[in-house]
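Here's a quick tour of a protein model, from the inside out. Keep the 3D view open while you read.

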Amino acid sequence: MAELNQKQPEGGKKKIRSKKLAPKVDLTAMVDLAFLLITFFMLTTTLNKPHRLDIAMPDKSGHEPILLDERRVVSLLLTDKGLMWYHGDFNHPISKPEFTDLSKNGIRKVLDRMKLEIPAKADGKDMIVLIKPSKEARAVDVVQALDEMKHVDIKRYTISKIGADEEKMVLASL
C-alpha cells in the first residue's frame, strides 16, 4: 500500500509553533501494480492475425486439360493495358469481349450480373471464372481480381495462362 511519510522535525535551536510539513507519498506499490497490469494485458491480448487468401494450385505434372462448359465460364484477361472480359469460349464467345476496370463499378458489377445470369443458362450450375494474367500484368491487379472473387462470393475460380490469341485480341482492341 501507499504510505504517507512525513518529515520529522529536525532538532534545532528555535522552536517553531506551527510547522507545515511537506507530505511525501511512496508510489512503489502503484508502479508495481501498473507494470503487472501492463504485463497482464500484453500477454492476454490477441493481435490481429494477417488475412490470407487460400488458393489451391494444381501440381506441375502434365495432365490433360479439363473441359469446361462454356456457358459457365467467364474469362478475365489481365494485361498491362487493362482488363478485358468475355463469357464463353474464346472462339465462340457468348458475350463479346469488353474492357472494364478493377473497381466496384467495373468488374464487380459484371461479376454480380453474370453470377445471376449464368445459372439460368447453365442448368442451375454456378459460374467459373478464369483469371488469365499476361506476362506484363501487374501483380497488384491479380491480387485485386482475387479480392473481387472473394467479395462477389464466387466459389469457383482459377488462375491460368493467357493464350497468345487472347493477348493479341486485347492488344488489337486498344
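This is a predicted model: local features need pLDDT of at least 70, side-chain atom pairs count only at pLDDT 80 or more; totals for chains, interfaces and linings use all residues.

Let's start inside. The largest nonpolar core is built from 22 residues, and L76, L78, L111, M127, V129 and I131 have the most contacts within it. At least two residues of this core come from each of β3 (73-79), β4 (82-88), α2 (107-121), β6 (128-133) and α3. There's also a second, separate core of six residues, with M84, I162, M169 and V170 among them. As a rule, nonpolar side chains tend to be buried together in soluble globular proteins.

Setting aside neighbours within four places in sequence, V129 touches V74, L76, L111, M149, I154, R156, Y157 and T158.

V25, L27, M30, V31, F35, I38 and M42 make a nonpolar surface patch of about 720 Å². Helix α1 (residues 28-44) gives the largest share of that patch, five residues.

Is D141 buried or exposed? D141 counts as buried because its relative accessibility is 11%, and the cut-off for buried is under 20%. M42 is exposed, since its relative accessible area is 63% and exposed means over 50%.

Beyond residues up to four places away in sequence, D141 is in contact with L78, T79 and L102. L78 is also one of the residues with the most contacts inside the largest core.

Technical notes
Residues are numbered from 1 along each chain as its sequence is written. Side-chain values use heavy atoms; hydrogens and water are left out. Buried means under 20% relative accessible area, exposed over 50%, partly exposed in between (1.4 Å probe, protein chains only). Contact means heavy atoms within 4.5 Å. A nonpolar core is a set of buried Ala, Val, Leu, Ile, Met, Phe, Trp, Tyr and Cys residues joined through side-chain atoms within 4.5 Å. Helices (H or I, at least four residues) and strands (E, at least two) are DSSP runs, numbered from the N terminus. Patches are made of residues with over 30% relative accessible area and no salt bridge: like charges are joined within 9 Å, nonpolar side chains (Val, Leu, Ile, Met, Phe, Trp, Tyr) within 5 Å. Accessible areas come from the Shrake-Rupley method with a 1.4 Å probe; for residues, only the protein chains shown count as cover. A salt bridge is a side-chain nitrogen of Lys or Arg within 4 Å of a carboxyl oxygen of Asp or Glu.
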